[in-house]
Amino acid sequence: MKCGAGIEARQVDELFINIDPIQAGGRLTADAMKAVIAYGDGYSVCDNCRKPNRLDYISKPPIAEFHKDMAAWLNMDTVRTVPGARRGFQAVAHTYVHKGDPVLLTSLSHYTEFLAVEEAGGIAREIPVDADHKVTPDATATKIEEVQREFGRVPVLAFIDHVDYQYGNMHDVKAIAKVAHENDIPVLYNGAYTVGILPVDGKDLGVDFVVGSGHKSMAAPAPSGVLATTAERAAEVFRTTTIVGDVTNRKFGIKEPEMMGCTLMGATLIGLMASFPHVKERVKHFDRELENHAIVMGALLAIEGTKCLSEYPRKHTMTRVDTTASFDTVAEAHRKRGFYLSSALGERGVTGLIPGATKTWKFNTYGTTKKQAMHLADAFIAIATENGLPFKR
Amino acid sequence: MTFQAIYTLTDLRAVLRETAPSHELDADQRAQAQRLLDNLKQQVASLKQEMLR
């Protein structure tokens with residue numbers, strides 16, 4: 001089935017349980033799919049754009065209302081949509097970081113946070129993690145002191161991931177932000193794995209910026225995301241243009257340079273908006289997601305030799321496991337080598353594991369039903385049994 | 001009318017996702033699928049009537 005020349009229709013999530021760590025939370029709702037069909041044309045949301053001609057002022061479809069609702073939901077003051085969380089990082093870094101400025105990241109920060117700092121000319125300084133792969137307030141304080149000694153000043157900005165992409169561990173952002181603020185360092189909360197997955201309250205966390213990923217965690221098409229700020233920071237990051245053309249004397253109204261004017265102008269925004277009511281509802285039931293995840297983890301850990309490399313019990317549905325002493329022991333003698341595991345999962349209707357991975361790998365059960373979680377658990381046990389790996393019943 | 005039919009198919013797509021990989025539908029899902037398929041039949045019939053008149 002083709003949906004264009006050489007483009008096969010994608011049916012991954014219709015045919016399989018998809019445990020890809022970065023895809024689970026971005027799976028579209030039916031409403032988002034419908035909205036994308038209706039608003040696929042280029043500037044589709046701009047039919048009723050009137051003065052002052054900016055995306056977040058459009059009332060039909062209700063984009064202006066969506067921005068207000070999103071800010072209220074995150075308990076922040078102002079929101080803009082951005083083409084992915086990375087563009088949120090970029091806007092904030094470009095506002096506060098200048099050449100040679102130290103910026104606080106962590107040993108688990110996403111690469112796009114580094115790139116945002118690099119592009120702004122900043123210098124990355126990472127807070128090291130502890131033995132449990134957690135970023136702590138104490139380590140943050142120590143790193144700030146180190147930076148102060150090295151640069152003669154504190155970092156100009158801190159990027160803190162609430163749940164990191166490597167282990168899916170939950171870090172104490174509130175306490176870390178407190179330490180940063182005691183040193184007058186603004187804090188960007190990276191909610192790529194939390195906004196749209198579990199409740200997030202920016203004011204309670206005490207952060208200056210909340211960044212979320214639409215395509216990673218808000219059931220929206222890529223690239224989409226949100227950048228939310230406090231009122232104080234909004235005036236800085238969302239400052240309006242002042243440039244004037246010397247020949248034409250043109251000015252550009254209330255366009256915002258960091259946003260490059262309007263941001264998401266079609267299917268991405270409308271998909272994000274259509275999923276929003278469902279997303280607001282689903283974060284209230286994150287406990288169910290953890291219950292389903294526990295079913296799968298229980299099965300994996302029952303297979304002798306399997307270790308959970310993430311914090312345990314799990315606080316998130318994305319987890320890194322080490323199966324070097326279980327599934328990997330089969331790989332060497334198996335005719336498919338390390339590919340046997342993803343292949344065997346595929347035969348059981350499961351996809352999303354990196355082909356060839358048998359040592360350490362990540363998976364995410366977000367959005368699975370209980371029945372699907374049990375299917376996943378049974379699949380891992382069946383593969384273990386088939387390959388003679390012992391497991392505890 | 002085209003949107004109605006496409007959206008009904010989209011709802012069926014969502015059922016497929018929710019029940020992957022076995023697509024064994026429980027009683028509620030079966031009733032939902034039945035209703036959607038009945039609607040789709042009507043929507044296609046109306047489209048045929050409108051477009052080919």
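**Overall build.** Helices here are DSSP runs of H or I with at least four residues, strands are runs of E with at least two, and both are numbered from the N terminus. The radius of gyration of chain A is 23 Å, close to the 21 Å of the globule rule for 393 residues, so chain A is as compact as a globular protein of that length. (The radius is taken over C-alpha atoms, and the rule is 2.2 Å times the number of residues to the power 0.38.) I also noted that the C-alpha trace of chain A spans about 75 × 55 × 35 Å along its principal axes.

**Ground rules.** This is a predicted model, where local features need pLDDT of at least 70 and side-chain atom pairs count only at pLDDT 80 or more, while totals for chains, interfaces and linings use all residues. Residues are numbered from 1 along each chain as its sequence is written, and chains are lettered from A and ligands numbered from 1 in the order in which they are written.

**Burial.** I found that 49% of the 393 residues of chain A count as buried, meaning that 20 or more other C-beta atoms, placed from the backbone, lie within 10 Å of the residue's own.

**Helix α3(A).** Which residues of α3 (63-73) of chain A are buried? I got Ile63(A), Phe66(A), His67(A), Met70(A), Ala71(A) and Trp73(A). Seen down the axis of α3(A), they fall within an arc of 165 degrees, so they line one face of the helix. The arc is that of the directions from the helix axis to the C-beta atoms. They pack against β4 (78-82), β10 (225-229) and α11 of chain A. Just after α3(A), I noted that Asn75(A) has a positive phi of about 55 degrees.

**Helix α2(A).** In α2 (30-38) of chain A, the buried residues include Met33(A) and Val36(A). The buried residues of α2(A) pack against α11 (267-282) of chain A and also α1 (2-19) of chain B.

**A sheet.** I traced an open sheet of 3 strands in chain A, ordered β11-β12-β14 with antiparallel pairing; strands pair if DSSP finds at least two bridges between them. Its edge strands are β11 (307-308) and β14 (360-364) of chain A. Between β12 (318-322) and β14(A) I noted 5 bridges, and Val321(A) has Trp361(A) as its bridge partner.

Conventions
Buried ≥ 20, exposed ≤ 12 C-beta atoms within 10 Å, placed from the backbone. Contact = placed C-beta atoms within 7 Å.
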